[in-house]
Amino acid sequence: MTGTQLVPMPADRIPGWLDRTMAEYVASRMRSGETREQAEANKQKSLDQWFPGGAPLPEHSVWDVVDDAGDVVGYLWIGPFSVGSAEWWVFDVEVDEEHRRRGHARRALEAGQRVAREHGATSIGLNVFGYNTGAQDLYAQLGYRVTATQMQLPLD
């Protein structure tokens with residue numbers, strides 16, 4: 001079993017990470033049925049709300065997920081869903097493909113849950129796209145429960 005730590009992402013790396021994660025966000029929204037224009041609008045809304053001026057809100061944490069060798073293997077971004085709220089959110093979590101299936105995501109999420117509790121959170125939620133069944137399985141194992149389901153039938 002490998003170890004996992006959360007290390008604050010250095011401020012100089014956040015812009016590059018934010019570009020990559022937002023590009024992936026747009027691609028995921030399009031894969032889930034949105035047009036590019038809708039996905040880009042949702043991306044901009046997220047940036048304006050959570051990263052005003054290019055930096056995360058003060059209550060939000062963006063971490064590198066680091067293995068026991070000190071290598072960055074992914075990232076985790078959590079924080080209150082609205083300013084001052086006790087309802088927190090996992091805005092993004094990802095482990096690089098070559099480091100998956102080693103428990104890093106599980107341990108990163110568990111560490112993030114501890115941080116949320118320490119900051120007074122009473123719950124932590126997340127969104128998972130319907131096609132991401134592996135992540136859905138992990139979240140269910142961690143005790144997350146389904147609170148909403150959206151479905152779509154393409155008519156083309």
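The axes of helix α3 (residues 104–118) and helix α4 (residues 133–141) approach within 11 Å of each other and cross at roughly 45°, where axes are lines fitted to C-alpha atoms, for helices over the stretch in contact, and angles run from 0 to 180 degrees between N-to-C directions. Because angles under 35 degrees count as roughly parallel, over 145 as roughly antiparallel, 65 to 115 as roughly perpendicular and the rest as oblique, α3 is oblique to α4. This is a predicted model, in which local features need pLDDT of at least 70 and side-chain atom pairs count only at pLDDT 80 or more, while totals for chains, interfaces and linings use all residues. Residues are numbered from 1 along each chain as its sequence is written, and side-chain values use heavy atoms, with hydrogens and water left out. Helices (H or I, at least four residues) and strands (E, at least two) are DSSP runs, numbered from the N terminus.

The crossing of α3 and α4 is right-handed, a term for a near helix turned clockwise from the far one by less than a right angle, anticlockwise being left-handed. A105, R106 and L109 of α3 make the contact with L138, Y139 and Q141 of α4, contact meaning heavy atoms within 4.5 Å. By class, four nonpolar, one polar and one charged residues take part in this contact; Ala, Val, Leu, Ile, Met, Phe, Trp, Tyr, Cys and Pro count as nonpolar, Asp, Glu, Lys and Arg as charged, and the others, Gly among them, as polar.

The sheet is open, with five strands in the order β1-β2-β3-β4-β5 and mixed pairing, two strands being paired if DSSP finds at least two bridges between them. At its edges are β1 (4–8) and β5 (123–126), each of which pairs on one side only, and the twist averages 30° from one strand to the next. β1 pairs with strand β2 (residues 61–67) in the antiparallel sense over five bridges, with T4 opposite D67 in β2. Helix α1 (residues 14–31) packs on the sheet, touching β2, β3 (72–80) and β4 (87–95), and its direction makes about 80° with that of β3. Helix α3 lies across β1, β2, β3, β4 and β5, running at about 55° to β1.

Helix α1 also packs against helix α2 (residues 36–50), at an angle of about 140° and with the axes 9 Å apart, which makes α1 oblique to α2. This crossing, too, is right-handed. The contact is made by L18, M22, Y25, V26, R29 and M30 of α1 and by R36, A39, E40, N42, K43, S46 and L47 of α2, and by class it has seven nonpolar, two polar and four charged residues.

The structure holds five salt bridges, each a side-chain nitrogen of Lys or Arg within 4 Å of a carboxyl oxygen of Asp or Glu. In one of them the side chains of D64 and R13 meet (2.6 Å, N to O). Since D64 lies in strand β2 and R13 in the loop between β1 and α1, the pair ties together parts that are 51 residues apart in sequence.
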